[in-house]
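Hello,

I am passing a structure on to you, together with some notes on what I found when I went through it. Please have a look when you get a moment.

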Amino acid sequence: MQKPEDPGCPQSPDPVLGLVLEMLACPACYGGLQPALDALACRGCHRVYPIMDGIPILLIDRARMREGGGP
């Protein structure tokens, strides 16, 4: 498990969210996810997965590509 001071650890004011993000991975490339506006963004392939009613929808066909990034 990563320590909060590690640069790869998502910075979150909610410690539970930070722990959950450490356990989740992008289903397309298995990269780490970071919080984005109403979404989770992959650090590897730049897909953005929506969060609906507080639940991340980690389905590749529901993801969109982040502007300015790509695989």
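Predicted model: local features only at pLDDT ≥ 70, side-chain atom pairs only at ≥ 80, totals over all residues.

His-46 sits in the loop between β2 and β3, and its phi is near 70 degrees, a positive value in a residue other than glycine.

Is Asp-38 buried or exposed? It is exposed, because its relative accessible area is 61% and the exposed class begins over 50%. Here the hairpin is made by β1 and β2, with 2 residues between them.

Strand β1 covers residues 33–36 and strand β2 residues 39–42; they pair in the antiparallel sense over 4 bridges. Leu-33 has Cys-42 as its bridge partner in β2, and Ala-36 has Ala-39.

**β2 and its two faces**

β2 also runs antiparallel to β3, joined to it by 3 bridges, and Ala-41 stands opposite Val-48 in β3. In a regular strand the side chains alternate between the two faces of the sheet. In β2, Ala-39 and Ala-41 point one way, Leu-40 and Cys-42 point the other way, and all of them are buried.

Arg-47 belongs to strand β3, which spans residues 47–52. Which residues does Arg-47 contact, leaving aside its neighbours within four places in sequence? From β2 the list includes Leu-40, Ala-41 and Cys-42. Ala-28, Ile-60, Ala-63, Arg-64 and Met-65 are also among the contacts of Arg-47. Between the C-alpha atoms of Arg-47 and Gly-31 there are 10.0 Å, with the two residues 16 apart along the chain.

**The helix and its surface patch**

Helix α1 takes in residues 15–23, Met-23 among them. Met-23 is exposed, as its relative accessible area is 66%. Together with Val-16, Leu-17, Leu-19 and Val-20, Met-23 forms a nonpolar patch on the surface, with about 450 Å² of accessible area in total.

**The chain as a whole**

Stepping back, the chain has 1 helix and 5 strands, in the order α-β-β-β-β-β along the sequence. Of its 71 residues, 23% count as buried. The chain exposes about 4,900 Å², and carbon and sulfur atoms supply 59% of that area. Among contacts with a separation of 6 or more, residues 24 or more positions apart account for 17%.

The average pLDDT of the chain is 82, and 76% of the residues score at least 70.

Best wishes

Methods. Residues numbered from 1 in each chain as written. Heavy atoms only, no water. Patch = residues over 30% accessible without salt bridge, like charges linked within 9 Å, V, L, I, M, F, W, Y side chains within 5 Å. Areas by Shrake-Rupley, 256 points an atom, 1.4 Å probe, with all protein chains shown as cover. Salt bridge = Lys/Arg side-chain N within 4 Å of Asp/Glu carboxyl O. Buried < 20%, exposed > 50% of the residue type's maximum accessible area, 1.4 Å probe, protein only. Contact = heavy atoms within 4.5 Å. Pairing = 2+ DSSP bridges. pLDDT = per-residue confidence, 0-100.
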